[in-house]
Amino acid sequence: ENFRLAVTQVPFMLYLSNSLLLVTLSIIGTLFSTTLTAYAFAKLNWPGRDTFFVIMLATMMIPIQVILIPSYILYARIGWLGTRLPLIVPFFFGGGSAFYIFLLRQFFKGIPKDLTESAFMDGAGHFRIFWNIMLPLTKPALITISLFTFMFVWNDYFGPLIYLSNPDHWTLALGLRAFQTQYSGRFDLMMAAAILVMLPTLIIFFFAQKQFIEGITFSGIKG
């Protein structure tokens, strides 16, 4: 009964669809941008590659609070406030985390050069090598990055709170907070709603824990 009330007292399915939309697009954008960038850092020789890689790693030390106001001003000037774009577009430009690029770069560098050299001798270009050789071998890392991105976007409260002004665009994190405010004295309903929000994360981690552990331990490829 508590679960039924938690779902029906607020537009739970609307919040769920909004969260799934953001999660799906964010994962696609993260995988698109980080894999290409990591391949360029690992397998391509271009001037200043190592310098730019160090600069990219240095961005991991910048607190999110430092860029919060400049980002807000930027999105306000281009008219993105009140839309989902500030929560989606950065992921298509490596905005997820420099750590993901570093993780994939280590996987790509662990792949023997014999594979890429053989592909070059067979007439394959960089994109075909990247698509047919690199990506299949880095499946554990891709799953790990997808899980990290899913957990970040799914549980993100601060970003949607700042940029989403329309209640029809609210995510489950915002909906759960509104539910908590409305039913502050009903701990049974609040716990039921919290379990429903947490359940997808537990299910996904349960089915993908093997690949997740392989990705974290930098296992690379097996002989």
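The second largest cavity has a volume of about 30 Å³, a volume being the space filled by probe spheres set on grid points that are joined across faces, edges and corners. The model is predicted, and local features need pLDDT of at least 70, side-chain atom pairs count only at pLDDT 80 or more, and totals for chains, interfaces and linings use all residues. Residues are numbered from 1 along each chain as its sequence is written, and side-chain values use heavy atoms, with hydrogens and water left out. Helices (H or I, at least four residues) and strands (E, at least two) are DSSP runs numbered from the N terminus.

**Cavities**

- On a 1 Å grid over the protein atoms alone, a cavity is a set of points where a 1.4 Å probe fits but cannot get out, whereas a pocket is an open set with protein on both sides within 12 Å along at least five of seven lines, and lining residues have an atom within 4 Å of a point.
- The largest cavity is lined by A6, V10, F12, Y15, L172, G175, L176, F179, A193 and V197, with α2, α11 (172–182) and α12 (187–216) as the elements giving two or more residues.
- Helix α11 gives the most to this lining, with 4 residues, and by class the lining of the largest cavity has 9 nonpolar, 1 polar and no charged residues (Ala, Val, Leu, Ile, Met, Phe, Trp, Tyr, Cys and Pro count as nonpolar, Asp, Glu, Lys and Arg as charged, and the others, Gly among them, as polar).
- Around the second largest cavity lie the lining residues L147, F150, M151, T201, I204 and F205, of which α9 and α12 each supply at least two, and the classes are 5 nonpolar, 1 polar and no charged residues.

**Second largest pocket**

- The second largest pocket has a volume of about 260 Å³, and its lining consists of Y39, A42, K43, N45, R49, K109, I111, K113, T116, E117, F120 and H126.
- Both α2 (12–43) and α7 (113–121) supply at least two residues of this lining, and α7 gives the most, with 4 residues.
- By class, the lining of the second largest pocket has 4 nonpolar, 3 polar and 5 charged residues.

- The axes of α8 (residues 126–137) and α9 (residues 139–155) come within 5 Å and cross at roughly 70 degrees, where axes are lines fitted to C-alpha atoms, for helices over the stretch in contact, and angles run from 0 to 180 degrees between N-to-C directions.
- The two helices α8 and α9 are therefore roughly perpendicular to each other (65 to 115 degrees; under 35 counts as roughly parallel, over 145 as roughly antiparallel and the rest as oblique).
- In α8, L135, P136 and L137 meet K139, P140 and L142 of α9, contact meaning heavy atoms within 4.5 Å, and by class this contact has 5 nonpolar, no polar and 1 charged residues.
- T138, found in the loop between α8 and α9, counts as buried at 0% relative accessibility (under 20% relative accessible area, with exposed over 50% and partly exposed in between, for a 1.4 Å probe and protein chains only).
- Apart from neighbours within four places in sequence, T138 is in contact with F107, F108 and I111.

**M56 in helix α3**

- M56 lies in helix α3 (residues 49–58) and, at 12% relative accessibility, counts as buried.
- Neighbours within four places in sequence aside, M56 is in contact with F41, A98, I101 and F102.
- M56 and S97 are 41 residues apart in sequence, and their C-alpha atoms are 9.6 Å apart in space.
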